[in-house]
Every structure is written in structure tokens, then in C-alpha cells.
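Subject: Structure handover

Hello,

Here is the structure you asked to take over. My notes on what was found in it come after.

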Amino acid sequence: MQKSIVTEIRSYMKIYEMLRPGDRVIAAVSGGADSVCLLWALQKIAPELPAFLRVVHVHHGLRGEEADRDAAFAMNFAQSLGVPCQVVSFDVAAEARKQGRSTEEMGRILRYETFAKLAGENGQIAVAHHANDQAETLLMRLCRGTGLLGLTGMAPVRGNIIRPLLFCSRKEIEAY
């Protein structure tokens, strides 16, 4: 009998000691398959510890009505699971111009600043990076001529950022 993906995520999280009883966890939910899977699994796992789970969706102000639908989906999905959700909005393009950065870089900076602020000093930030993201990260680092440290890829835990799906492929996530 094949293990469920939630069981595998639970085991992976235990191996890397991603959560402890009483932890506060911010789940970064974009509305895509990866973050929906992450939230679904965390919603099943958090009560067992217990850990206190909430969702944060960052609206970048870049994709108009499509982004509005993603924010509404994240809010409604979290609500359907009984998980509090907060949508935080930015005008990433304007902020990127002001700071002389790319929109991609500015979006990442604003997301992680938001997650850190809302998680607080002792909170965990769960992101939905998966095995395909890991492979892409390694390839990009190789192309840039990274040293040995760059070849390690993303860590399952880095500070208060946890990656419970890092062992899963995108195909497995979508199938689930």
C-alpha cells in the first residue's frame, strides 16, 4: 500500500524537526498547486503537535484580475479549512522602480519581509518549494559558476523557513 503524501510530508517534517509543539506557523499560499498541497498537509499535521497555523497570501499588484482571483481563492480555501488567512497587497512594480530592482527580486524581498514580520521572532514560515524547484536552483547556480556551497541547493530548514515539500516532485503534488 502506498503512503499518502500527507504521511510522507509528516515523516519528512519529523526528520528535519521542522515544527515543535506550540509553534506558530505562517503558510505562504499563492493559490497554486504547490502551496495548496502545503496548506492541506499542514492543516492535517498542525493539530497533532499542536502548532498554530495561519495563511498569508501576498498580492503583488502585477496581474490584475487574475491576481485578485488568486487572493480570493487563497482566502476562501483557508477559510474552508478553518485556518485564518491574511492577504497583504503591494505595488511591486512601483516599489521595484523606486529601488532600482527587478520586479521578481522586489516581489521576493517584499514576500519574505512580510512573512518574517507576521511570523514574529519565534514563528516558522512554511513555503512550498519542491524537488523540481531544487533542481532548477542547482542548475541556475551551476550556470552562474557557483562554488561547492552553492551545489548544496535549498535546505529543508534555514533559520525559521521550512520547506516541507522539498522531497516531492511537482508531478506528485499535482497528482495529490
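**Cysteines**

The sulfur of C168 has its closest cysteine sulfur in C37, 6.1 Å away, which is too far for a bond. Please keep in mind that this is a predicted model. A disulfide would need the two sulfur atoms within 2.5 Å. Both cysteines are buried, C168 at 1% relative accessibility and C37 at 4%. Searching the whole structure turns up zero disulfides.

**Nonpolar cores**

How many residues does the largest nonpolar core have? The number is 35, and the residues with the most contacts inside this core are I9, M13, L39, L42, L53, V55 and L165. Five elements are listed as giving two or more residues to the core: the helices α1, α2 (33-45) and α3 (64-80), and the strands β1 (24-28) and β2 (52-59). Of these, α2 gives the most, with seven residues. Another core lies apart from this one; it has eleven residues, including V58, F115, A119 and V127.

M13, one of the residues with the most contacts inside the largest core, also has contacts beyond its sequence neighbours. Leaving aside residues within four places in sequence, M13 is in contact with M18, L19, L42, I45, I162 and P164.

**I26 in strand β1**

I26 sits in strand β1 and is buried, at 3% relative accessibility. Not counting residues up to four places away in sequence, I26 touches R54, V56, F115, L118, A119, Q124, I125 and A126. Two of these, F115 and A119, are among the residues of the eleven-residue core. I26 and L53 are 27 residues apart in sequence, while their C-alpha atoms are 6.1 Å apart in space.

**Aromatic pairs**

A pair of aromatic rings is described by the distance of the centres and the angle of the planes. The count for this structure is five aromatic pairs. One of them joins Y12 and Y16, with 4.9 Å between the centres and 55° between the planes, a tilted arrangement. Y12 is buried, with a relative accessible area of 12%, whereas Y16 is partly exposed at 39% relative accessibility.

Y12 also pairs with F167, and this pair is tilted as well: 4.8 Å centre to centre and 40° between the planes. Y12 lies in helix α1 (residues 5-15) and F167 in the loop between β6 (161-162) and α7 (170-175), so the pair ties together parts that are 155 residues apart in sequence. F167 counts as partly exposed, at 28% relative accessibility. Together, Y12, Y16 and F167 form one aromatic cluster.

**Helices α4 and α5**

Two packed helices are described by the angle between their axes and the distance between the axes. How do α4 and α5 lie, and which residues meet? The axes of α4 (residues 92-99) and α5 (residues 103-119) come within 9 Å and cross at roughly 105°. On the α4 side the residues in contact are V92, A93, E95, A96 and Q99, and they meet T103, M106, G107 and L110 of α5.

Regards

Definitions and conventions. Residues numbered from 1 in each chain as written. Predicted model: local features only at pLDDT ≥ 70, side-chain atom pairs only at ≥ 80, totals over all residues. Heavy atoms only, no water. Phe/Tyr/Trp six-rings, centres within 6.5 Å; stacked < 30°, edge-to-face > 60°. Buried < 20%, exposed > 50% of the residue type's maximum accessible area, 1.4 Å probe, protein only. Helix = DSSP H or I, 4+ residues; strand = E, 2+ residues; numbered from the N terminus. Core = buried A, V, L, I, M, F, W, Y, C linked by side-chain atoms within 4.5 Å. Contact = heavy atoms within 4.5 Å. Axes fitted to C-alpha atoms, helices over the stretch in contact; angles between N-to-C directions.
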